[in-house]
Amino acid sequence: MPGTGRQRKSVKTFTQYDYMLLFMTTGIALFGVLMIYSAGYYTASVFNAPFRFVKQQLSGLGIGFILMFAISKLDYQMFIQKIAGKKYSLSMSHIAYITALVLQTAVLFIGEEYNGAKRWIKIGPVQFQPSEISKIAAILFISYAVYKNRKALDSFLGFLSVMAYMMPLIVLIAKENLSSAIIVGGISIGMCFVASNKKGYFVACALILVGVIVLYIVFGDPFRMERIQIWLNVETHPKAHQIKQGLYAVASGGLFGKGLGQSMQKLGFIPEAYNDMIFAVICEELGIVGAALVILAFLVLFWRIVVIACHAPDIFGTMLCVGVMVQLAIQVVINVAVVTNSIPSTGIPLPFISYGGTSELIIMAEMGLVLGVSRQIKQK
């Protein structure tokens with residue numbers, strides 16, 4: 001018979017990093033260093049240290065890259081393995097969640113206060129924000145919950161059971177930083193939404209959540225209510241200075257911008273222009289085109305994470321990728337919306353680009369998790 005005796009060709013498989021994701025992560029992070037230098041040069045010069053913020057960001061970024069590659073080399077499935085005990089057995093995901101709870105409780109008692117906010121814990125020369133650690137802990141914990149019983153999330157009660165575990169952490173974060181609590185809440189709901197095959201009850205949950213937030217702001221938080229008043233009356237409100245100057249920066253940039261380093265609003269008009277409002281400086285110096293390219297870079301980054309999530313070896317790996325993408329997407333959308341005054345002001349940084357050591361380290365650690373998942377995808 002034709003073909004008898006022919007040897008079948010063996011198909012070899014191999015694994016490797018998603019180099020497109022690695023390239024985009026590196027590119028956006030280095031662009032962030034450049035913009036921090038431009039946006040923070042004036043403020044840093046006041047301290048006779050023009051490269052102050054750049055050096056600190058590069059230091060954090062260098063440690064972040066080491067952490068990212070170290071985590072990517074680990075088997076991400078170690079986070080679902082049980083650590084045996086005499087009576088109970090916990091996974092690494094449980095331990096991450098418990099650690100986040102302990103740190104969020106500790107910051108209420110021993111936290112360092114800066115600019116009226118108690119958000120940092122200082123141990124010797126090391127200073128960090130527990131709320132950033134809570135983000136990656138939430139991703140690990142919910143990924144584990146979905147891995148153990150995904151079908152439970154097809155019901156409203158199953159979703160409530162997951163959120164019941166997350167609420168103590170979210171409440172503790174809200175006591176020190178409502179913005180971070182919104183992100184952790186968004187991560188929790190977003191991951192459950194993706195994992196569930198039945199989406200209908202999420203509409204009711206979203207309406208209830210919006211109602212609770214509105215009631216909390218209107219009747220329980222005068223500071224947040226003032227933020228809404230600033231948002232609604234940005235042209236006339238006496239405390240709308242930062243947002244107003246940011247809008248001036250966006251408007252004056254035009255189509256192609258004034259040129260890198262040529263922003264006027266960063267010269268003391270926008271407070272801490274190298275931080276949460278750095279997107280306004282990008283718009284002023286690089287114009288609408290430059291800002292659009294930055295958003296496009298993030299979209300490519302998200303696309304690569306989605307590709308990895310779809311090809312992950314198991315549902316735990318998929319949910320890790322989903323959690324990281326949801327967090328980054330929430331932060332990008334909210335940051336851009338605040339700068340353009342589309343929503344009331346919140347203190348949420350632009351991932352990879354805004355100045356911040358703890359945030360940079362945690363985001364790079366999360367990218368290490370995603371790269372670790374990509375490294376275990378078998379390809380022909």
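In the predicted model, Leu 299 is located in helix α10, which spans residues 278-310. Together with Leu 255, Phe 256, Ile 288, Val 289, Leu 293, Ile 295 and Leu 296, Leu 299 forms a nonpolar patch on the surface. The accessible area of these residues together is about 770 Å².

Helix α11 covers residues 315-339 and contains Val 332. With a relative accessible area of 8%, Val 332 is buried, because the limit for this class is under 20%. When neighbours within four places in sequence are left aside, the contacts of Val 332 are with Phe 298, Phe 302, Leu 350 and Pro 351. Phe 279 is 53 residues away from Val 332 along the chain, and the C-alpha atoms of the two residues are separated by 10.0 Å.

Empty space in the model was also examined. Rolling a probe the size of a water molecule over the atoms shows where such space is left. The second largest pocket holds about 1,400 Å³ of space. Its lining consists of 40 residues, and those closest to the centre of the pocket are Ala 181, Ile 182, Leu 209, Val 210 and Ile 213. At least two lining residues come from each of the helices α5 (156-176), α6 (178-195), α7 (200-220), α8 (222-232) and α11. The most is given by α7, which supplies 10 residues to the lining of this pocket.

Backbone angles were considered next. Most residues other than glycine have a negative phi. Asn 341 has a positive phi, with a value near 60°. This residue is placed in the loop between α11 and α12, the latter helix being formed by residues 357-375. Asn 341 counts as buried because its relative accessibility is 17%, and buried means under 20%.

A positive phi is also found at Phe 352, where the value is near 70°. Phe 352 lies in the loop between α11 and α12, the loop that also holds Asn 341. The relative accessibility of Phe 352 is 1%, so this residue counts as buried.

Terms used: Residues numbered from 1 in each chain as written. Predicted model: local features only at pLDDT ≥ 70, side-chain atom pairs only at ≥ 80, totals over all residues. Heavy atoms only, no water. Patch = residues over 30% accessible without salt bridge, like charges linked within 9 Å, V, L, I, M, F, W, Y side chains within 5 Å. Areas by Shrake-Rupley, 256 points an atom, 1.4 Å probe, with all protein chains shown as cover. Salt bridge = Lys/Arg side-chain N within 4 Å of Asp/Glu carboxyl O. Helix = DSSP H or I, 4+ residues; strand = E, 2+ residues; numbered from the N terminus. Buried < 20%, exposed > 50% of the residue type's maximum accessible area, 1.4 Å probe, protein only. Contact = heavy atoms within 4.5 Å. 1 Å grid on protein atoms, 1.4 Å probe; cavity = no way out; pocket = protein on both sides within 12 Å on 5 of 7 lines; lining within 4 Å. Points joined across faces, edges and corners; volume = space filled by probe spheres on them.
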